[in-house]
Amino acid sequence: MSGRHSKHDLETTPDDKLLRKLEAKWEDSPTRVLRWHKGLDVRGLDCNSAPGWDGDKDDGGALVAAHAEELSELQERLFADGRSGGSRSVLLVLQGLDTSGKGGIVRHVVGLVDPQGVQHRAFGVPTAEEASHGYLWRIRNALPRPGYIGVFDRSHYEQVLVVRVEGLEPEETWRAHYDEINAFEAEVAAAGTTIVKVALIVSKDEQKARLTERLERPDKYWKYNPGDLTTRARFGDYLDAYQELFEKTSTDVAPWHVVPADKKWYSRLAVTELLLGALRSLDLGWPPADFDVEEQQRLLAET
Ligand code: ATP
């Protein structure tokens with residue numbers, strides 16, 4: 001299924017041709033291109049690159065627009081599946097330092113589908129109640145119900161990022177989280193959730209440019225948080241923490257995808273494609289009617 005027309009249409013429309021041309025600009029499947037693999041060191045990543053994409057910014061925007069309809073239809077199929085007793089769901093985990101564009105992904109990528117089928121949750125500093133439970137408590141409570149796309153803006157991974165870098169727990173405690181998280185995600189995946197983990201990696205220079213803009217534009221002041229400078233001062237420590245997190249928690253059931261984030265158009269394209277890939281992999285049909293269609297048509301006609 002691609003583009004506006006179902007596979008039953010015999011004609012190839014100009015839209016289909018354009019879509020195929022744009023899709024061909026991926027040198028390989030974006031899921032494969034972006035998946036973390038041994039030997040990929042985030043500290044040497046070119047954050048301004050557009051891995052696997054042989055097009056420009058306009059092409060990238062055009063492919064996102066061209067895929068929007070399929071994304072939306074697959075989300076509806078997922079929702080219908082959940083309504084019909086299916087157990088499947090998708091969880092998009094977004095991690096990234098301040099200014100890496102997590103919010104933009106939610107608005108521009110997740111925003112392509114019906115918000116009624118999305119369970120979005122941002123995780124900040126734990127509240128008193130959250131802190132009184134184990135760190136996975138609030139995460140479990142926010143997992144997507146069957147049929148939904150869950151979106152985590154930050155996640156349980158903060159427990160091996162900010163907690164590690166700021167020394168909020170002893171090393172042996174946060175180190176134990178890698179295995180705990182792997183076991184947790186394996187359980188979540190086994191229950192029917194396809195987990196798509198995305199790390200948006202912005203460079204230190206680009207982060208400075210984005211923070212500078214926030215301080216220069218009154219319409220962006222609200223996005224600025226003086227605490228971001230504390231995090232920025234530990235930029236290298238965070239990259240070390242990301243690197244170890246990829247090494248320890250990129251598993252077959254829940255692999256990490258490392259997305260260079262200096263080009264916003266690229267990171268949005270990349271996440272659109274990762275989400276689409278996850279939904280396509282579910283091979284969702286439309287649930288059959290659980291009533292007699294002809295009888296209902298007859299009854300309706302009589303009204
Ligand atoms: P963002 O920077 O994501 O746009 P924000 O600046 O509006 O968000 P919040 O969403 O309120 O801030 O909180 C994000 C902050 O919460 C981050 O600094 C993050 O490191 C911190 N945080 C998240 N989870 C934890 C945790 N488990 N322990 C400590 N701090 C955490």
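Author: Helices here are DSSP runs of H or I with at least four residues, strands are runs of E with at least two, and both are numbered from the N terminus. This is a predicted model, so local features need pLDDT of at least 70 and side-chain atom pairs count only at pLDDT 80 or more, while totals for chains, interfaces and linings use all residues. Residues are numbered from 1 along each chain as its sequence is written, and side-chain values use heavy atoms, with hydrogens and water left out.

Helix α12 itself runs over residues 264-281. How far should its 18 residues span? At 1.5 Å a residue they should reach 26 Å, and because the end C-alpha atoms are 26 Å apart, the helix agrees with that expectation. The expected span is 1.5 Å times one less than the number of residues. Much of α12 is covered, with 13 of its 18 residues buried. Buried means under 20% relative accessible area, exposed means over 50%, and partly exposed is in between, using a 1.4 Å probe and protein chains only. Thr-272 belongs to α12 and counts as buried because its relative accessible area is 0%. From Thr-272 to Trp-137 there are 135 residues along the chain, and their C-alpha atoms are separated by 29 Å.

Thr-99, in the loop between β1 (89-96) and α4, has a phi near 75°, a positive value in a residue other than glycine. Thr-99 counts as buried because its relative accessibility is 7%. Arg-154 also has a positive phi as a residue other than glycine, near 70°. Arg-154 is found in the loop between β3 (149-153) and α7 (162-165), and its relative accessible area of 21% is why it counts as partly exposed.

Arg-154 also leads us to the ligand. Which residues are closest to the ligand? Of the 14 that surround it, the closest are Asp-98, Val-125, Arg-154, Glu-158 and Gln-159; here a residue is near a molecule if one of its heavy atoms lies within 4 Å of it. By class, this shell holds six nonpolar, three polar and five charged residues. In that scheme Ala, Val, Leu, Ile, Met, Phe, Trp, Tyr, Cys and Pro are nonpolar, Asp, Glu, Lys and Arg are charged, and the others, Gly among them, are polar.

Now for the polar contacts, meaning pairs of N or O atoms within 3.5 Å; within protein, one atom must be able to donate a hydrogen and the other to accept it, and residues adjacent in sequence count only if both atoms are side-chain atoms. The side chain of Glu-158 has an N or O atom 3.0 Å from an oxygen atom of the ligand. For Gln-159, a side-chain N or O atom is 3.1 Å from a nitrogen atom of the ligand. On its own the ligand has 630 Å² of accessible area, and the protein covers 65% of it. Accessible areas come from the Shrake-Rupley method with a 1.4 Å probe, and for residues only the protein chains shown count as cover.

Strand β2 (residues 118-122) holds Gln-119, which is buried because its relative accessible area is 16%. A polar atom of the Gln-119 side chain lies 2.7 Å from the backbone nitrogen of Arg-145. Gln-116, by contrast, sits in the loop between α4 (102-108) and β2 and is exposed because its relative accessible area is 61%. Gln-116 and Gly-96 are 20 residues apart in sequence and 26 Å apart in space, C-alpha to C-alpha.

Finally, the record. An unreviewed UniProt entry annotates residues 56-280 as "domain: Polyphosphate kinase-2-related"; such positions are given in the numbering used here, feature names are shortened, and annotations may be inferred rather than shown by experiment. That span is 52% helix and 14% strand, and its end C-alpha atoms lie 25 Å apart.
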